[in-house]
Amino acid sequence: MLKPIIALAPMADYTDRPFCLLCREISGTDFVIYREMVSSVAIVRDNEKTLSMCEIDRREHPVIIQIFGDDPSVMARAAKIIVERFQPDGIDINMGCPVPKVAQKTKSGAALMKYPDLAVEIVRAIKNENLGVPLSVKTRLGWSNDGEIFDFAKRLEKAGVELIAIHGRTKVQGYSGESNWQRIGEVKKILGIPVVANGDIHSKEDIEKCLSITGADGVMIGRGALGNPWIFAKSSESIGLKQIVKTIIRHAELHIEHYGDRGIVTLRKHLVWYFNGDRTQGVSGIKKLRAELVRISNLDELNAILSSL
Ligand SMILES: Cc1cc2nc3c(=O)[nH]c(=O)nc-3n(C[C@H](O)[C@H](O)[C@H](O)COP(=O)(O)O)c2cc1C
């Protein structure tokens with residue numbers, strides 16, 4: 001395993017095959033990709049769309065597929081199906097997602113922090129399948145209290161989890177406040193397995209700062225990678241407008257190759273991220289540009305907007 005571990009965080013509707021492949025093309029092979037979460041129930045029900053979300057391009061590896069659910073036997077079956085059919089480099093269990101559909105309607109995602117016995121049962125059931133790939137967990141500091149993680153993480157480690165990625169916020173915090181890197185560092189001290197720190201890493205400087213504060217084995221980057229697939233690259237050359245435009249065109253190509261022409265609609269949400277950061281702050285008419293990008297309906301419109309820059 002490369003040290004420090006650098007990972008692209010799983011993000012629903014964002015870390016799909018085209019975006020992951022784009023990050024790989026641009027940033028090389030020294031980071032691990034976490035694909036967006038998939039439902040374990042949908043996998044065992046043979047849902048075509050969910051299964052297709054697990055397809056991996058061979059250029060994308062290493063890739064981890066993340067599953068969510070609250071039924072140990074369903075989770076174990078889903079993990080087995082995914083490993084056998086798609087050969088990811090690891091399986092991750094989502095124990096941090098706060099959205100009501102996942103964490104309130106069911107005991108999945110972040111709700112598992114309230115039901116640690118069930119979380120342990122899920123880990124054990126998946127481990128029993130002897131999948132032959134590592135099993136990791138991605139979680140938060142707790143449901144409402146940022147001290148819950150200590151006991152929770154210890155129990156997961158004991159149950160056989162091989163790596164834990166921690167977003168330094170509680171479920172109740174959602175995305176407010178700051179990711180508590182200090183607390184992640186305290187968790188790192190009590191565990192023997194690798195700990196990956198997550199939350200609020202937006203630059204190469206942040207990567208260094210987070211590693212130094214947490215003493216973690218690696219970092220995981222989510223929003224900081226959106227519209228910014230360069231963040232994992234070794235080189236630190238500054239990115240100009242020309243390169244941004246070229247990258248967007250490549251992203252659009254990969255996206256349409258994967259989803260077909262109608263895929264342009266789901267590309268829109270990515271496009272605005274390319275013009276969000278400091279990098280394009282000085283570019284005139286950026287607000288108008290963003291408004292136009294969220295309305296595009298085909299590739300010609302996108303090309304016309306970009307060539308006007
Ligand atoms: C749009 C979006 C979708 C997300 N989807 C997932 C997901 O599928 N699984 C998961 O474990 N976390 C998910 N997350 C949480 C991120 O992986 C990450 O923990 C969080 O954004 C904090 O890291 P960041 O500050 O680097 O973005 C999502 C976050 C965002 C913004």
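Let me begin with a term: a residue is called buried if 20 or more other C-beta atoms lie within 10 Å of its own, exposed if 12 or fewer, and partly exposed in between, with the C-beta atoms placed from the backbone. Helices (H or I, at least four residues) and strands (E, at least two) are DSSP runs, numbered from the N terminus. What you see above is a predicted model, in which local features need pLDDT of at least 70 and side-chain atom pairs count only at pLDDT 80 or more, while totals for chains, interfaces and linings use all residues. Residues are numbered from 1 along each chain as its sequence is written.

With that in hand, let us turn to strand β7, residues 163-170. Eight of its eight residues are buried, so β7 is largely enclosed by the rest of the structure. Its pairing with strand β6 (residues 135-142) is parallel and runs over six bridges, where two strands count as paired if DSSP finds at least two bridges between them. Within that pairing, V137 has I164 of β7 as its bridge partner. With strand β8 (residues 195-198), β7 also pairs in the parallel sense, over four bridges, and there H167 is partnered by N198 in β8. The chain passes from β7 through helix α8 (residues 181-190) to β8 in a right-handed β-α-β crossover; right-handed here says that, with the strands pointing away from the viewer, the path from the first strand over the helix to the second runs clockwise. Another right-handed β-α-β unit is formed by β6, helix α7 (residues 148-159) and β7.

In helix α8 we find I190, which counts as partly exposed because it has 13 C-beta neighbours inside 10 Å. Leaving out residues up to four places away in sequence, I190 touches F150 and K154, contact being defined as C-beta atoms, placed from the backbone, within 7 Å.

Next, the interior. A nonpolar core is a set of buried Ala, Val, Leu, Ile, Met, Phe, Trp, Tyr and Cys residues joined through C-beta atoms within 7 Å. The largest such core has 76 residues, and those with the most contacts inside it are A7, L8, I67, V196 and V219. Helix α4 (residues 72-86) contributes the most to this core, namely six residues. A second, separate core has nine residues, among them I244, I248, Y274 and L302.

How is the protein divided into domains? The domain assignment, which is automatic or comes from a database, gives domain 1 as 5-232 and domain 2 as 241-307. Their centres, taken over C-alpha atoms, are separated by 28 Å, and 10 residues of domain 1 are in contact with 11 residues of domain 2.

Helix α1 (residues 17-27) deserves a word here, since nine of its 11 residues are buried. Those buried residues, which include F19, L21 and L22, pack against β1 (5-8), β2 (32-34), α10 (241-259) and α11 (264-274).

Finally, some backbone details. Most residues other than glycine have a negative phi, and most peptide bonds are trans. The peptide bond from H61 to P62, however, is cis, with omega near -5 degrees, and P62 sits in the loop between α3 (48-52) and β4 (63-68). D46, in the loop between α2 (40-44) and α3, has a positive phi near 65 degrees, and D46 is exposed, with 9 other C-beta atoms within 10 Å. Q87, in the loop between α4 and β5 (90-95), likewise has a positive phi, near 45 degrees.

Conventions. Contact = placed C-beta atoms within 7 Å.
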